Amino acid sequence: MMSGYCNRDVMLLRRLFFIILLFIATTCFADDEPPINLYLADSPWPMSHRNPYNQASSPLKGIEPNEHVQVSWQPAWPSITLAYTSSNSNQSLVWGSTFKSVYQADLKGSGINKLATQALNQPENSISGAYTLVDFEGKFFSPRELTLSRFSRSENEGQSGIVLEDDFSIPQAYLTTTDEHIVGINMTYDGFIAMTTSAGLLVVVSRDFSVYTALSIGVDQSVSNSIAIDEEGGIYVLTNKQIHRVQWDGVKLDLLWSTDYESGPDEPLPGRLGTGSGSTPTLMGRQGEDKFVVFTDGSELMNLVLVWRDKIPDGWMSISEGKDRRIAAEFPITFGLDDATRSVSEQSVLVRGYSAMVVDNQYSLDTSDWLDNPNAGAMTVLFSNLGFNTPFGVEKFSWDPGSRKVISNWANQESCPNGIPTMSVASNIAYCWGQRRAKWTLLGFDWDSGETVVEVPMGYGVRYNSTYAATQIGHDGQVVSGTLLGLVRILPGE
């Protein structure tokens, strides 16, 4: 591990300031909301998976049954997440990051107004740049290969523009593979950017890029998704072999624990971006409750896995012989089919309170040998709305704190081919970027019963293919998503 210089007085002041912020954040709960990270933009969706817990659920209203809607599409290169900026007067400004550019768009009114675009060098690995965030000052952070960039918005004679303020590049001395690249990023509760590389290097850097520290996690382990962070300094990194908790104290990083899980085959399954789990880790539970890190594993019939993220309860027994005591549950995901022998998901687990929802991404078409390209296996998502390839299945689970067991609440055989789902507390509906009879369709499921209650047809073409993007809830009840060729906005209206 290497770190930037911090004198003792600065360290003490930083810790005191962090304690004050933590007290404020932990008192700002709203209906199972995680603690508010005051360094993120105060907006509907400031970062990938919406918050540092990566829960991807929202307290805001979404599209509701029988509501008249307007569907808008704006051409652009694909964006996994649209990061809403923190304008007090206008929460409709979003940042997007693609493999060729960063851009800003305005989602107010009835359409999509693309404001500015800045071209960037195209990375060799398309996942680098997929995860982004906006801080409370409106600065946009986006990684590319081994460089983290900070952008801001400018106004010059009435014309909006994008300013590249600064770059931070990971020093070569930290790297362990020739094709290493930044994958996921998140914001610590004391205002630092945490990011991990494909080779399991965890880097924490100040937002002005003046101070940094790094820690290499595991041996011969790889990372293909983002990371989770809690308010106590826990950083959770899910590799292709283990789930790790690294502790950040404002100055240094320490590996607190590591736990094996059922990681599955050594070659990526069709549509998977890597081996092991296909999910970004998600945090469940709050102070005074059972607290977990949640993900899906790589088993042939995958499991929903809950791992104790803090102290293991006294007297807790291993769930089965040979399993680490830190594993609280492994629950098979069958999507309601009694004879299911295989299930796959590439999406992170949607969480609200003690409940979690998973979608099926089991594709029939294997494109891994189509091109001499490490990402060729992901091309199957281009055909994921077509009958011969499309997956079916949505399932909701809950942790019962009384029995300390996972139960399946409901299953639905709708199709959510490749996008990250979301959930609205105000509407009590979960949403996914689905398909019906090959037509891309926003689907909504009653959170209590699983019944399909929302259906918004869009179109058959690739312009509506979500291609791993997040289904997001914005202001005014709108639902948005990046797609293969642009942005889609579904707005309630008359």
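Reply: This is a predicted model, in which local features need pLDDT of at least 70, side-chain atom pairs count only at pLDDT 80 or more, and totals for chains, interfaces and linings use all residues. Residues are numbered from 1 along each chain as its sequence is written, and side-chain values use heavy atoms, with hydrogens and water left out.

Me: Which residues does threonine 441 touch?

Reply: Contact means heavy atoms within 4.5 Å. Not counting residues up to four places away in sequence, threonine 441 touches Cys432, Trp433, Gly434, Gln435, Arg436, Glu455, Val456, Pro457 and Met458. Threonine 441 itself is found in strand β30, residues 439-446. Strands (E, at least two residues) and helices (H or I, at least four) are DSSP runs, numbered from the N terminus.

Me: Why is threonine 441 called buried?

Reply: Buried means under 20% relative accessible area, exposed over 50%, and partly exposed in between, with a 1.4 Å probe and protein chains only. Threonine 441 has 1%, so it is buried.

Me: What does the side chain of threonine 441 reach at 2.8 Å?

Reply: It reaches the backbone oxygen of lysine 439. A polar contact is a pair of N or O atoms within 3.5 Å; within protein, one must be able to donate a hydrogen and the other to accept it, and residues adjacent in sequence count only if both atoms are side-chain atoms. The 2.8 Å separation falls within that 3.5 Å limit.

Me: What makes cysteine 416 and cysteine 432 a disulfide?

Reply: A disulfide is a pair of cysteine sulfur atoms within 2.5 Å. Here S to S is 2.0 Å, and the pair is joined. A search of the whole structure finds 1 disulfide. Cysteine 416 lies in the loop between β27 (405-412) and β28 (422-424), while cysteine 432 lies in strand β29 (residues 429-436), 16 residues apart.

Me: Why is the disulfide of cysteine 416 and cysteine 432 called left-handed?

Reply: The torsion about its S-S bond is about -70 degrees, so the disulfide is left-handed. Cysteine 416 is buried, at 0% relative accessibility. Cysteine 432 is also buried, at 0%.

Me: What makes strand β21 largely enclosed?

Reply: 5 of the 5 residues of β21 (residues 292-296) are buried, so the rest of the structure largely encloses this strand. Phe292, Val294 and Thr296 are buried on one side, and Val293 and Phe295 on the other.

Me: How do you know which strands pair with β21?

Reply: Two strands pair if DSSP finds at least two bridges between them. Strand β20 (residues 282-284) has 3 bridges to β21 and runs antiparallel to it. Strand β22 (residues 303-308) has 5 bridges to β21, also antiparallel. A hairpin of 6 residues joins β21 to β22. Valine 294 stands opposite threonine 282 and opposite leucine 306.

Me: Why are β4 and β7 called edges?

Reply: 4 strands form an open sheet in the order β4-β5-β6-β7, with antiparallel pairing. β4 (82-84) and β7 (113-119) each have a single partner strand, so one side of each is left without a neighbour in the sheet.

Me: What is in the largest nonpolar core?

Reply: A nonpolar core is a set of buried Ala, Val, Leu, Ile, Met, Phe, Trp, Tyr and Cys residues joined through side-chain atoms within 4.5 Å. The largest has 28 residues, and Leu202, Ile235, Leu253 and Val307 have the most contacts inside it. β17 gives the most, with 4 residues. Apart from this core lies another, of 25 residues, with Cys432 among them.
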